[in-house]
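Work through the exercises below with the model open. Try each task before you read its solution.

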Amino acid sequence: MQQRAREIKVGHDTTETGDGKEHLDRLNENLAKVEDLSKRLVAAMGHRAPADVGLQGPGQDLYLKTGAAYWSEMMSNPGKLLETQAQYWGQTMTQFMEMQSAMAEGKLPLFDDHALDGDKRFANPLWRTHPYFNFVRHQYVMGAEAIRQAVEALDGLEPRDKYRIEFFANQVIELFSPTNYFATNPDALEKAVETEGASLVQGLENLVRDIEAHGGELLPTLADPSAFEVGGNIATSEGAVVYRNRMMELIQYTPTTETVHKTPLVIFPPWINKFYILDLKPQNSLIKWIVDQGYTLFVVSWKNPDEGYEDIGIEDYVQEGYLTVIDEIKQITGEAQINAIGYCIAGTMLNMTLALLKARGDKSVKSATFFTTLTDFANQGEFTPFLQDDFVDAIERQVDQDGVLDSYFMSRTFSYLRSKDLIYGPAVRSYMMGEAPPAFDLLYWNGDSTNLPGKMTVQYLRRLCQGNEFADAGFDLLGETVRLKDVTIPVCAVACETDHIAAWKDSFRGVAGMGARDKTFILSESGHIAGIVNPPSKKKYGHYTNPGVKGAPEEWLETASYNEGSWWPLWEAWLKKRSGKQVAARQPGADGHKILAPAPGTYVKEGKAA
């Protein structure tokens, strides 16, 4: 690094020809590009649409509560807080004096700690061998710990408020990591020197691209958008759209076996993202795997709503989505019953639909499977910071203005739950290192998110997440009051051990609250996506099983059996028992239903990631 810096300095001193002049010319050329890109950046940021200020951070009431708690603690126990502050000052001053003393003796002032061992952000050896970076790293460790201790010392707060303060304090800690800033990131500095500033130019181009792509908002692109095509090299399972309305397209997949189980199967994926997470490529496609096991499989592809969908509510998703799909599949296959799968929020709505069918005496659904599904929202888990009135009020104002909740807001919320991996890490690599985003299909799908209808968003947040109506007093739906205990058909639920979106313990409590006597619960290793998209061929993540769903989730896990490999075969054995005898395979369109488009359909491509 020092040698390269000397070469660049020589370039500044050279006025004629030679390597130094070439370095200087390249550097000046890159600086000129930076100036042009800066103008584009300003113009792109000028296109930012106005967003409710309440979506930018917690409401003033949380600051007031925090300030009141701090002041109360100061009055009742001043020594406790002063001790924490003095300890931080003392550590900082001690490090500075030790550094000065070592330098005066001609030694390298290096400080050793293990607080960041294993943190990939600090993998560069210079963090431990270079006095400047070593000092910065150690100061960051002490500052972060001081913030955590100060928050931990606050008493007199409601647990929910304390949790929120801890969350936002951690966001501050992550924001001020020295790796997020060019002058204190050795990787970025080395790259800039090695490339004569070209990495900075490319990084600024990446930054401008992202801001232009998101209408003036900043959200790092996680995957190379040019590397994938929905229906081209991802979402390629063969099938056809056999029904379409304003809410969804219904895809029937082409059989790969001569016979299939008599009872058809449908997957309701979440409408927060697109269904092809279950069909990224043949090797890990749950859709293909299910078809290969001999099932007539249908999958719902939801419409990506625009401003004309502001009045679409939960009742519309149930009536024009779930109930319509069930009727269409019965007509297409000639069967009186189907089996159904609901993933995430679509699993929540499937539960509500099943309770509605129960109230109507309709037995169209024989069994149901739920992937990472919440039905009891008494514990809001990691979403607690965003499910309080300050944020929900702001969302309500935003959808009143726009008609829909733009996909940007949901993407940002999910990203900040894992800000180190989904915000700052990608931003550093893209904007400071000038790296192109990877060709990673999962991250491509993650960036291909959808809008949410205004009415449905408010209903979901107010009545389910905050009010917990479905698990408690009951949810009024299409003329009936539906409750979680009204789900009485056989159910199988799959939750994921490290899921930060639908915590497995909360999923377990929801299943325990169902009225079904026949209940199976499977706990997969890994998270919300990887724990579900876990094909047997990879032999990657195992799963836990335990007969019955009762008691506390911790007790269930303590006595559970661990099983190597994917849960898919275990679940398929459960489904097979409820899917009837073998019949001739059903081809899309063979029943006379018009084929509207080949799979993966047209709705899935609307609003595709740029």
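**Exercise 1.** Find how the residues of the lining of the second largest pocket divide into nonpolar, polar and charged.

*Solution.* Start with the classes: Ala, Val, Leu, Ile, Met, Phe, Trp, Tyr, Cys and Pro are nonpolar, Asp, Glu, Lys and Arg are charged, and the others, Gly among them, are polar. The lining then splits into 5 nonpolar, 3 polar and 5 charged residues. Next, take the source: helix 12 gives the largest share, 3 residues. The model is predicted; local features need pLDDT of at least 70, side-chain atom pairs count only at pLDDT 80 or more, and totals for chains, interfaces and linings use all residues. Residues are numbered from 1 along each chain as its sequence is written, and side-chain values use heavy atoms, with hydrogens and water left out.

**Exercise 2.** State at what angle helix 11 and helix 17 pack, and name the residues that meet.

*Solution.* Locate helix 11 at residues 314-333 and helix 17 at residues 454-466. Their axes lie 8 Å apart, at an angle of about 110°. The two helices are therefore roughly perpendicular (65 to 115 degrees). Now list the contacts (heavy atoms within 4.5 Å). From helix 11 come I314, E315 and Y317; from helix 17 come K455, M456, Q459, Y460 and L464. By class, the residues of this contact are 5 nonpolar, 1 polar and 2 charged.

**Exercise 3.** Classify the aromatic pair of F122 and Y140.

*Solution.* Check the distance: rings of Phe, Tyr and Trp (its six-membered ring) pair if their centres lie within 6.5 Å. Here the centres are 6.1 Å apart. Check the planes: under 30 degrees is stacked, over 60 edge-to-face, the rest tilted. F122 and Y140 have 20° between the planes, and the pair is stacked.

Notes: Axes are lines fitted to C-alpha atoms, for helices over the stretch in contact, and angles run from 0 to 180 degrees between N-to-C directions. Helices (H or I, at least four residues) and strands (E, at least two) are DSSP runs, numbered from the N terminus. Angles under 35 degrees count as roughly parallel, over 145 as roughly antiparallel, 65 to 115 as roughly perpendicular and the rest as oblique.
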